Amino acid sequence: MWTENNDTEAEYGAWEFTLAGALEDEKKRNPLSAPPDIVPHWSEGVPTLIRRTGWTERFTKNRVTYDSRLWTKTVNYEWCSPRNLSELAEKYSRLPSTRQWEWSGVYRIFVEGQAIDRLLGKDPTGTLYVGMAGHGSRKWSIMRSRIMGLATRRNHQVANRWFFSEKLEKRFPWKSMMIQWTFTDRLLNYNGEEISGAKGAESDLLHCYQNTFGEFPPFNEKS
C-alpha cells in the first residue's frame with residue numbers, strides 16, 4: 001500500500017547542472033573527429049598547404065609509459081621566389097641568412113617551364129629533387145650551407161650527378177637549374193628537446209608527390 005513515506009525525493013544538491021558536465025556529455029554523444037587530410041595534387045602546382053593525421057610514437061619517461069595518440073599537423077609552405085643556382089654561386093647575398101630562424105627548411109630543385117614525364121602523368125612543375133636542411137644542430141647542415149654547397153656544385157648528391165653526366169648536362173643544362181625554399185619551425189618533442197620540422201615537411205612533400213605521380217622525384221629515387 002502506497003503512503004507519502006514511500007515518495008522519496010532526491011536530496012537537494014545531489015545533482016546539479018554544470019557547463020563542464022554538459023560539455024563532457026556532448027563529447028560522449030558526438031565525439032570530435034580529426035579534420036580531413038589535405039594532400040594536394042602536385043600536378044596543380046607545388047603544394048602550399050598540407051594537413052596530415054597520424055599517431056605519435058609510444059614512449060616512456062620517468063618510468064611512466066605514454067601510449068600513442070592521434071594528432072593532426074597542418075603546415076603552410078611559404079615558398080620564396082625561384083632563383084637560379086648559377087646566380088646564387090656568384091651572389092651569396094641571395095642565399096638564406098645564418099639567423100637561427102632560417103636554419104631549417106625544405107627546398108626543391110627544378111627546371112622552369114619544362115614538364116617532366118612521370119609514371120602517372122606529367123609533372124608541370126619540373127621538380128627534380130626535394131630536400132631538407134637544418135635537421136641537425138650543426139651549422140654545416142643549415143639551409144645557407146646546404147644551398148651554397150649545391151650552387152657551387154660541391155657536397156651535394158644532385159650536383160655530383162650532373163658533374164659526372166654529359167647526358168644530364170645536355171638534357172638539363174646546369175645554368176637552367178632553379179631552386180626555391182621555404183623555412184620550417186623548430187618544435188619541442190616529448191622530452192622537451194628542440195627539433196627541426198624540416199624532416200617531417202620533406203616527408204609530407206614527398207608523400208604528396210608520390211601520391212600524385214606514383215613515384216618520387218627523379219633524383220630522390222635511390223639508385
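Select W42, Y209 and F213. In this predicted model, these residues form one aromatic cluster.

**The aromatic pairs**

Four aromatic pairs are counted in the model. Start with Y77 and W79. Their ring centres are 6.2 Å apart, and their planes meet at 15 degrees, so this pair is stacked. The cut-off for stacking is under 30 degrees. Are these residues buried or exposed? Y77 has 4% relative accessibility, so Y77 is buried. W79 has 18%, and W79 also counts as buried. The limit is under 20%.

Now select Y107 and Y129. Here the ring centres are 6.2 Å apart and the planes are at 40 degrees, so the pair is tilted. Colour the two strands next. Y107 belongs to β6, residues 105-111, and Y129 to β9, residues 127-133. The pair therefore ties together parts that lie 22 residues apart in sequence. Y107 is buried, at 1% relative accessible area. Y129 is buried too, at 9%.

**Charges over rings**

The charged end of R108 sits over the ring of F110, 3.8 Å from the ring centre. Then jump to R153 and W174. R153 lies over the face of W174, and the distance to the ring centre is 4.7 Å.

**The largest core**

Next, show L150, W162 and M177. These residues have the most contacts inside the largest nonpolar core, which holds 25 residues. Which elements each supply at least two residues of this core? Select α2 (85-90), β6, β9, α3 (143-151), α4 (157-163) and β10 (177-183). The largest share comes from α3, with four residues. Why look for such a group? In soluble globular proteins, nonpolar side chains tend to be buried together.

Zoom in on W162. What does W162 touch, beyond residues up to four places away in sequence? The list is L128, R153, L168, E169, F172, W174, M177 and F219.

**Helix α3**

Colour α3 by burial. M143, R144, I147, G149, L150 and A151 are buried in this helix. Turn the view to see what lies against them. The buried residues of α3 pack against α2, β6, β9, α4 and β10. Then step past the end of the helix. α3 is followed by R153, whose phi is positive, near 60 degrees.

**Last stop: R83**

Select R83. This residue lies in strand β5, residues 83-84. Is R83 buried or exposed? At 18% relative accessibility, R83 counts as buried.

R83 and M178 are 95 residues apart in sequence, yet 5.5 Å apart in space, C-alpha to C-alpha. Leaving aside neighbours within four places in sequence, R83 is in contact with L88, R94, M177, M178, I179 and W181. Finish with R94. The side chain of R83 reaches the backbone oxygen of R94 at 2.5 Å.

Key. Residues numbered from 1 in each chain as written. Predicted model: local features only at pLDDT ≥ 70, side-chain atom pairs only at ≥ 80, totals over all residues. Heavy atoms only, no water. Phe/Tyr/Trp six-rings, centres within 6.5 Å; stacked < 30°, edge-to-face > 60°. Buried < 20%, exposed > 50% of the residue type's maximum accessible area, 1.4 Å probe, protein only. Lys NZ or Arg CZ within 6 Å of the ring centre and 35° of its normal. Core = buried A, V, L, I, M, F, W, Y, C linked by side-chain atoms within 4.5 Å. Contact = heavy atoms within 4.5 Å. Polar contact = N/O pair within 3.5 Å; in protein donor to acceptor, adjacent residues only side chain to side chain.
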